[in-house]
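Keep the 3D view open and follow along.

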Amino acid sequence: MKKRYRYRLPLSEDAVDGLGSVLMAAISGIFLLAAAVISFVLAGKAGTYVGIFGLMGILLSVIGFITGLISFGEKKKNHRFSTAGSLANGLLAVFWLALFLIGVS
């Protein structure tokens, strides 16, 4: 039986927009934790502060999700950060939206 060789070139660099997407997910997660801590410390009477963190967090997670999807178009790049950033931002956006809808009702 003839032995088959598979050659694969290593993907040297990560997609730049993928790194930005992961960074936006991290900042949005920090905003989520900060909003929870502030709300807990002030016994639920921190409407303005939590609202600002919430709006900035959902905005960052949506922009990070779009940036992560766009970064898949970069050719000959490693897309591991694009995948991680898109998933994290998508989950954070859904969580922020659920939190917002709970607060509205």
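**Starting from helix α1**

Let's begin with α1, which covers residues 16–41: its 26 residues reach 38 Å from the first C-alpha to the last, close to the 38 Å expected at 1.5 Å a residue. That expected span is 1.5 Å times one less than the number of residues in the helix. Helices here are DSSP runs of H or I with at least four residues, strands are runs of E with at least two, and both are numbered from the N terminus. Before going on, note that this is a predicted model, where local features need pLDDT of at least 70, side-chain atom pairs count only at pLDDT 80 or more, and totals for chains, interfaces and linings use all residues. Residues are numbered from 1 along each chain as its sequence is written, and side-chain values use heavy atoms, with hydrogens and water left out.

Which residues of α1 are buried? They are Gly-18, Ser-21, Ala-25, Ser-28, Gly-29, Phe-31, Leu-32 and Ala-35. Buried means under 20% relative accessible area, exposed means over 50%, and partly exposed is in between, using a 1.4 Å probe and protein chains only. An α-helix has 3.6 residues a turn, so residues three or four places apart point the same way. The buried residues of α1 pack against α2 (47–70) and α3 (80–104). Just past the end of α1, Ala-43 has a positive phi of about 55 degrees.

Now zoom in on Ser-28, which sits in α1. Ser-28 counts as buried because its relative accessibility is 0%. Leaving out residues up to four places away in sequence, Ser-28 touches Gly-57, Leu-60, Ser-61, Leu-92 and Trp-96, where a contact means heavy atoms within 4.5 Å. The side chain of Ser-28 also reaches the backbone oxygen of Gly-57 at 3.0 Å. Ser-28 and Leu-92 are 64 residues apart along the chain, yet their C-alpha atoms are separated by 7.5 Å.

Leu-92 turns up again in the largest nonpolar core, a 6-residue set made of Ala-25, Phe-31, Leu-32, Leu-60, Leu-92 and Trp-96. The elements giving two or more residues to this core are α1 and α3, and α1 supplies the largest share, 3 residues. A nonpolar core is a set of buried Ala, Val, Leu, Ile, Met, Phe, Trp, Tyr and Cys residues joined through side-chain atoms within 4.5 Å. Take Leu-32: setting aside neighbours within four places in sequence, Leu-32 is in contact with Leu-92, Phe-95, Trp-96 and Leu-99.

On to α3. In the loop between α2 and α3 you'll find Lys-76, a non-glycine residue with a positive phi near 55 degrees. Is Lys-76 buried or exposed? Lys-76 counts as exposed, because its relative accessibility is 76%.

The C-alpha trace spans about 70 × 25 × 20 Å along its principal axes.

Definitions and conventions
A polar contact is a pair of N or O atoms within 3.5 Å; within protein, one must be able to donate a hydrogen and the other to accept it, and residues adjacent in sequence count only if both atoms are side-chain atoms.
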